[in-house]
2 protein chains.
Amino acid sequence: MTVDDARTPAQEPSTRPGGDGGPRPIGWHKGYLTGSRPDLRVPVRRVRLTDGRDVTLYDTSGPYTDPTVTTDVRRGLPPLRQDWITARGDTEEYAGRPRRPEDDGLRTAAGRGPHLAGPGPEGPRRPRRSRDGSPVTQLTHARRGEITAEMEFAAVREDVSPETVREEIAAGRAVLPANVNHPESEPMVIGKRFLVKVNANIGNSAVTSSVEEEVEKMTWATRWGADTVMDLSTGRDVHTTREWVLRNSPVPIGTVPLYQALEKTGGRAEELTWEIYRDTVIEQAEQGVDYMTVHAGVLLRHVPLTARRKTGIVSRGGSIMAAWCLAHHQESFLYEHFEELCEILAAYDVTFSLGDGLRPGSVADANDEAQFAELRTLGELNRVAKAHGVQTMIEGPGHVPMHKIKENVDLQQEICEDAPFYTLGPLTTDVAPGYDHITSGIGAAMIAWWGTAMLCYVTPKEHLGLPDRDDVKTGVITYKIAAHAADLAKGHPGAQEWDDALSDARFEFRWEDQFNLALDPDTARAFHDETLPAEPAKTAHFCSMCGPKFCSMKISHDITERFGAGAEGTTAEEAAEGMLRKSREFAAGGNRVYLPIAD
Amino acid sequence: MTVDDARTPAQEPSTRPGGDGGPRPIGWHKGYLTGSRPDLRVPVRRVRLTDGRDVTLYDTSGPYTDPTVTTDVRRGLPPLRQDWITARGDTEEYAGRPRRPEDDGLRTAAGRGPHLAGPGPEGPRRPRRSRDGSPVTQLTHARRGEITAEMEFAAVREDVSPETVREEIAAGRAVLPANVNHPESEPMVIGKRFLVKVNANIGNSAVTSSVEEEVEKMTWATRWGADTVMDLSTGRDVHTTREWVLRNSPVPIGTVPLYQALEKTGGRAEELTWEIYRDTVIEQAEQGVDYMTVHAGVLLRHVPLTARRKTGIVSRGGSIMAAWCLAHHQESFLYEHFEELCEILAAYDVTFSLGDGLRPGSVADANDEAQFAELRTLGELNRVAKAHGVQTMIEGPGHVPMHKIKENVDLQQEICEDAPFYTLGPLTTDVAPGYDHITSGIGAAMIAWWGTAMLCYVTPKEHLGLPDRDDVKTGVITYKIAAHAADLAKGHPGAQEWDDALSDARFEFRWEDQFNLALDPDTARAFHDETLPAEPAKTAHFCSMCGPKFCSMKISHDITERFGAGAEGTTAEEAAEGMLRKSREFAAGGNRVYLPIAD
C-alpha cells in the first residue's frame with residue numbers, strides 16, 4: 001500500500017461543499033492510501049500534529065473534502081467503481097423501467113404544485129443489471145473465493161487483509177452494500193469484526209423540507225462521519241430527491257421501498273400489491289439504492305401479539321404491513337413473494353436490510369413475544385436470501401432497557417447466524433424526548449460492544465419533529481462516539497491509537513492537536529475559546545478549567561518532568577529511587593511546584 | 001402518609017428563582033407527602049395529565065418551586081431540619097472558629113480587588129457540633145436502631161420503608177449527608193438500593209465567574225434534578241461563596257477542602273500542613289458542608305505507579321497530594337491524621353467522600369495498578385471511618401472503556417464492603433472533547449446499573465472550560481437520563497411507571513402530557529413546535545415526523561381501536577377471532593385505514 005496525500009495542511013480544504021462561507025481550516029487534510037492497483041485509492045483523514053507526525057483516521061466525507069477534485073452537484077460525483085463493475089462482465093446496460101409521474105407522487109395532482117428540477121443530474125441514465133439473471137453480488141464473488149476491488153478497498157479502510165473481508169462476507173457475517181448502479185460510492189464493509197458503522201437518516205416528508213435540503217443533509221452527515229445514509233423521503237418528488245442524493249453520495253444509500261409504494265396507492269395500505277411493490281423495488285434498484293429495508297417478517301399471525309402492547313407497532317413499515325395483512329386477512333405479500341424479491345436484489349447487488357416491523361416502541365414492550373416471533377421469521381428469511389446470493393443485514397430495536405440489551409443481540413446473532421445486526425439505538429428510557437440521541441446513544445454503545453455491526457442514529461428531534469442540519473450533526477457525532485466506544489471495548493486494532501494520540505496531546509498541553517484530533521474540532525475549539533479566547537492560552541501550560549495554579553494535568557506533568565520517572569524502560573524501583581534523588585533536587589531548587597505561566 | 005398539594009396546575013410557579021422573566025407554566029406543580037409528623041413534608045413534582053390523573057415524580061428543586069413560600073436569597077432558606085437536630089440533644093452551639101481574611105483567599109492582597117458582599121446571608125451564625133465529642137451522625141443513630149426524621153423523610157421520597165433506609169445506613173451501604181450546620185437541606189439517601197443520584201459541580205476559579213453566578217448555578221442545577229451539588233470554587237471569596245450557596249441550598253453540598261487549604265498557602269503544595277488542612281475542614285464543617293472529598297488514599301508509594309501512565313495524575317486533589325508527598329518524601333498527612341479527621345467529621349455529621357486521586361485520565365490508564373492500589377487503601381480507610389461512626393462514600397473513575405467498567409465497580413464493592421460508589425462518568429472514550437457529557441453518560445448509565453449509587457455529572461465543557469448555565473443544564477439532564485436508565489435496569493419500583501406514563505401519552509397522541517412528563521418539558525415542546533408550531537398540531541392525531549399519512553403510531557392506534565384486540569383480559573385467540581370479525585367490518589366500511597386528520 002502506498003500513500004498519496006492530497007495536499008499539505010497549509011492548503012486545507014473546506015469542510016463541506018458550498019454554502020458555508022468558503023474554505024476554512026478543519027484540522028485535517030485529505031489523504032489516500034493506494035491498494036494493489038493505481039485506481040484503488042482509499043480516502044483517509046490525516047491530522048498533522050504540531051510535532052510533524054500524522055494521525056490517520058477513517059474518512060467518509062467523499063471527494064467533497066479533496067480540494068484537488070472539483071465537485072458539481074448537477075453533474076454528480078465521479079463513478080469511482082464503474083470500471084470495476086464493467087470489468088467483472090456479469091452485468092449489462094438495458095433500457096430500464098420507464099419513468100412515471102407517480103414515481104414522484106404525482107398520481108393525484110390536485111392541490112400540488114409542480115415537482116422540482118428535472119430527472120436528476122445529467123438527465124436519464126441507462127441502468128445495469130445481471131447479464132443472465134444470476135447473482136452479481138459481493139456475496140457470490142466472495143463465495144467463489146474472488147476478492148473484488150470493493151473488498152480490497154474496504155480492507156484498506158479497515159486496516160485488515162482483503163482475505164478477511166472476503167471471508168466475512170462469504171460467511172454472511174458481513175455485507176458490502178454496493179449496487180452496480182451506484183458506482184459513485186466508496187466501498188465499505190459492515191460486520192461485527194470490523195469498525196462499528198453509523199447510519200444517518202434523511203428524508204423529506206409530506207409536512208416539510210425540499211430536495212436541496214436532503215442532498216445538503218447527506219453531504220453534511222458524511223462530513224461528520226456517517227458511513228451510510230438512508231433516504232426516507234415520503235412526500236412528493238421522492239424519485240427525484242433520491243436520484244440527486246444517489247448521484248452525489250460517496251456512501252451507500254438505503255431506502256424503505258414500501259414508503260414510496262404506499263405513495264403510489266395514494267396512501268391506502270390496503271391497495272398495496274406485490275406488483276406495485278416490485279415495480280418500486282426495480283425503480284429504486286435501477287437508480288442505485290444499495291440496501292433496502294424490507295418488512296417481510298411481519299406476518300399475519302404476529303399482529304395479535306402486539307395488541308396488548310403499551311405502544312403497539314411503531315415501525316412505519318411494520319404498521320403498514322400489519323394494516324395490509326388485517327385488511328386482506330392474508331399473509332404478507334412481502335413474505336409470500338420473498339424469493340422473487342431475492343432474485344431482483346441479486347441482479348443489482350442490492351443488500352437486504354430485513355426490517356424489524358414489530359420492534360418495541362417503549363421500554364415496556366422490549367423483548368416481547370411479538371418482537372422475538374418476528375426475529376425468528378427474519379432468521380428464516382436470512383437463510384432464504386443467502387441461498388439466493390443476496391447480502392443480508394437484520395434490523396433491530398428500538399426501545400430496550402439496559403438489562404435486556406444483551407439478550408436481544410445474543411438472540412439475533414444466534415437466530416440469524418451472525419448476519420450483521422443493524423440497530424436503531426436502542427433507547428434505554430422513554431422519559432427524555434428532546435434528548436433521545438442520548439437515551440439511545442447509551443444503548444447503542446452497549447449493543448455495538450456486544451455485537452451490532454451498524455448503528456442507525458437517533459437525533460434530538462426523535463419523536464418530536466424532523467431533524468435540521470444541527471440535529472443531523474448532533475446525531476452523527478453522538479453515534480460516532482457510541483461506535484468508537486464500542487470499537488475500543490471490542491479491542492479493534494487502531495481504535496485505541498486515536499484515544500492515545502488525543503490523550504497524549506491533552507497531557508502535553510498541545511491544545512491545537514487536541515482540537516484537531518477531536519471528533520468535532522470546531523466545537524472543541526469554540527468551547528475552549530469561550531473561557532480563554534486569547535491565542536496564547538492555546539499554548540499555555542494550564543487548562544481553562546482550573547486556572548494556572550490548580551491544573552492537575554500541569555502538576556502531574558511537572559512531576560513526570562522533574563522526577564524523570566516516566567522514562568521508558570524504568571522499573572518501579574528505579575523510578576522510586578529517581579524520585580527520591582529528584583525530590584532532593586526539588587527542595588534544593590526552592591520547592592517550586594508550578595512553572596511560571598510564561599514558560 | 002397524607003398528601004398536601006401546594007396548588008392547582010392553573011397556578012403553576014416559576015421554574016426558578018429570579019432573573020427568568022417571572023412565572024411561567026412548567027408542566028408540573030409542587031406537592032408534598034406528609035410523613036408520620038406534621039413537620040415532615042416531603043416535596044414531590046406532580047404532573048397533572050389531561051385526563052385529570054396525577055403522576056408523582058421525585059423533586060430536588062427545594063422551596064423555590066413552591067409559590068406559597070417566599071424565598072429571599074439574602075435571608076437563605078428556612079431551616080427545615082433545625083428542630084429535628086436540636087431535639088436530638090446531642091449537639092450544642094458554640095462560638096466557632098473566628099473568620100480570617102485568608103478564608104477568602106485574601107492573604108496576599110496585591111493585585112486583588114475587594115472581596116464580595118459580606119459574610120453571607122443574615123451575617124455570622126453560631127455553629128453547632130457534638131456536645132461531648134462523640135459521633136452525632138446518621139450512621140450512629142442508625143446503628144442504635146433509631147429512625148431519625150431525616151431517614152423517614154428520605155424514605156418517603158424513595159417510596160420505601162424508613163426501616164429500609166435505617167438498615168442500609170447502619171450497614172454502611174448508604175449515606176444520608178446532613179451536616180448539623182446545614183439545616184436548610186432536604187434529606188436524601190445515597191445507596192445502591194435507592195434511586196441513582198446525580199451530583200452537579202459548580203465553582204468559580206481563578207480565571208472567571210462570581211458568587212452570584214455560583215448561587216444561580218446551584219438553584220438551576222437542582223431545578224433540573226441535581227441531588228447534590230459540589231462547590232469546587234478555588235478563586236478568592238471561596239468562604240463567602242460557600243456561605244451563600246449553603247444558606248440557599250435545598251440539597252446537600254459537597255466540597256474538596258484541600259483546594260481551599262492550598263489557597264491559604266498561596267498555591268504552594270509543599271507548604272500545606274495538617275494544621276492548615278484541619279483548620280479548613282473545621283471552617284467548612286461549621287458552615288454546614290455535608291460531604292467532603294478527602295484524597296487520603298494517595299500514598300507516597302503509589303506515586304511511582306503513575307509515572308509511566310499515558311496521562312499521569314489528573315485529579316487535582318491527587319496531584320496536590322502527590323506533589324506534597326514527593327516534596328517532603330513523607331507519607332500523606334491526610335493518611336497519617338485520618339483518625340483525627342474522622343473525629344472532626346463525626347462531630348458535625350460530615351460524610352466522607354474518599355477521593356480517587358489516582359483515577360485514570362485516559363482510557364489507556366483505566367484499571368491500572370495505581371488506581372487499584374489506591375482503591376485498596378480506600379477500603380482500609382472506609383473501615384476506619386466506619387469505626388469512628390462517620391458516613392462514607394467512595395469516589396470512582398474517571399476514564400474507563402466499556403469493557404473495564406464492571407470489573408471496576410465489582411472491585412470497589414468488594415474492597416469497600418458495599419460502601420456507596422460515587423463515580424465521575426466514567427468517560428468511555430477520549431476522542432470527543434466538547435461531547436464528554438455523552439462519552440461519560442454512556443459509562444455512567446452502565447456503572448450505575450452495575451452498582452454506583454451516585455453519579456458526578458460531566459458537562460460538555462469538560463477538558464475545555466468552565467460550564468455556563470446551559471452546560472449545567474445539559475450535564476444534569478444527561479446524567480438524569482443515565483441515572484433513570486439505571487433505575488429501570490435495576491428494576492427500581494416506580495421507575496418503570498414514569499416511562500409507562502410517557503409512552504401511554506405518546507401512543508394516545510396526548511402531546512401536552514408527553515411534554516409535561518418529559519425530563520425537560522421546555523425542550524420537548526420547543527422541538528415539536530419547530531416543525532409544527534400551530535396549536536391544533538398538539539392535539540392532531542399524527543406525529544410531526546411523518547405527516548398525516550405515514551405516522552406508524554397512528555396506524556397502530558387505529559388497529560388497536562378498530563380491531564378491539566387491545567382490551568384487557570382478551571386472549572391471543574380471542575383477539576385473532578376479533579380481528580377477523582373486525583377485518584370484515586373494515587372491508588365493509590370502505591377499507592379506510594386512516595382516520596380523517598380532523599378526527
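This is a predicted model: local features need pLDDT of at least 70, side-chain atom pairs count only at pLDDT 80 or more; totals for chains, interfaces and linings use all residues.
Helices and strands here are DSSP runs, numbered from the N terminus; a helix has at least four residues and a strand at least two.

Let's begin with the barrel in chain A. Eight strands close into it, in the order S9-S10-S11-S12-S13-S14-S15-S16. The pairing is parallel. What holds paired strands together in general? Strands of a sheet pair through backbone hydrogen bonds, and they can do so parallel or antiparallel. Back to the chain A barrel, S9 to S16. On average, neighbouring strands of this sheet are turned by 25 degrees against each other, direction ignored.

Now zoom in on one pair. Strand S9 of chain A covers residues 197-202, and strand S10 of chain A covers 228-231. Four bridges join them in the parallel sense. Take A:Asn199 as an example: its bridge partner in S10(A) is A:Thr228. Helix H5 of chain A, residues 211-223, packs on the sheet and touches both S9 and S10 of chain A. Its direction makes about 165 degrees with that of S9(A).

What kind of peptide bond joins A:Pro397 and A:Gly398? A cis one, with omega about 10 degrees. For background, most peptide bonds are trans, and most residues other than glycine have a negative phi.

An unreviewed UniProt entry places the feature "binding site" at A:His399 and A:His463. The two are spread over 65 residues of sequence, yet they cluster in space, with a largest C-alpha distance of 12.2 Å.

Move on to the loop between H13 and strand S15 (421-424) of chain A, where A:Glu417 lies. A:Glu417 is not a glycine, but its phi is positive, about 50 degrees.

Over to chain B. Here, too, eight strands close into a barrel, S9-S10-S11-S12-S13-S14-S15-S16, with parallel pairing. Strand S14 (residues 392-396) and strand S15 (residues 421-424) of chain B pair over three bridges. In S15(B), B:Tyr422 is the bridge partner of B:Glu395. In the loop between S15 and helix H14 (436-449) of chain B we find B:Pro426. A cis peptide bond joins B:Gly425 and B:Pro426, with omega about 10 degrees.

Last topic: helix pairs. Two packed helices are described by the angle between their axes and the distance between the axes.

Chain B first. The axes of H11 (residues 338-348) and H12 (residues 369-387) of chain B come within 9 Å and cross at roughly 45 degrees. B:Phe338, B:Glu339 and B:Cys342 of H11(B) meet B:Leu381, B:Val384 and B:Ala385 of H12(B). By class, this contact has five nonpolar, no polar and one charged residues.

Now chain A. H3 (residues 149-158) and H4 (residues 162-170) pack at about 115 degrees, with axes 8 Å apart. H3(A) passes H4(A) in a right-handed crossing. The residues in contact include A:Met151 of H3(A) and A:Ile169 of H4(A). By class, this contact has five nonpolar, no polar and two charged residues.

How values were computed:
Residues are numbered from 1 along each chain as its sequence is written. Chains are lettered from A and ligands numbered from 1 in the order in which they are written. Side-chain values use heavy atoms; hydrogens and water are left out. Two strands pair if DSSP finds at least two bridges between them. Axes are lines fitted to C-alpha atoms, for helices over the stretch in contact, and angles run from 0 to 180 degrees between N-to-C directions. Contact means heavy atoms within 4.5 Å. Ala, Val, Leu, Ile, Met, Phe, Trp, Tyr, Cys and Pro count as nonpolar, Asp, Glu, Lys and Arg as charged, and the others, Gly among them, as polar. UniProt positions are given in the numbering used here, feature names are shortened, and annotations may be inferred rather than shown by experiment. A crossing is left-handed if the near helix is turned anticlockwise from the far one by less than a right angle, and right-handed if clockwise.
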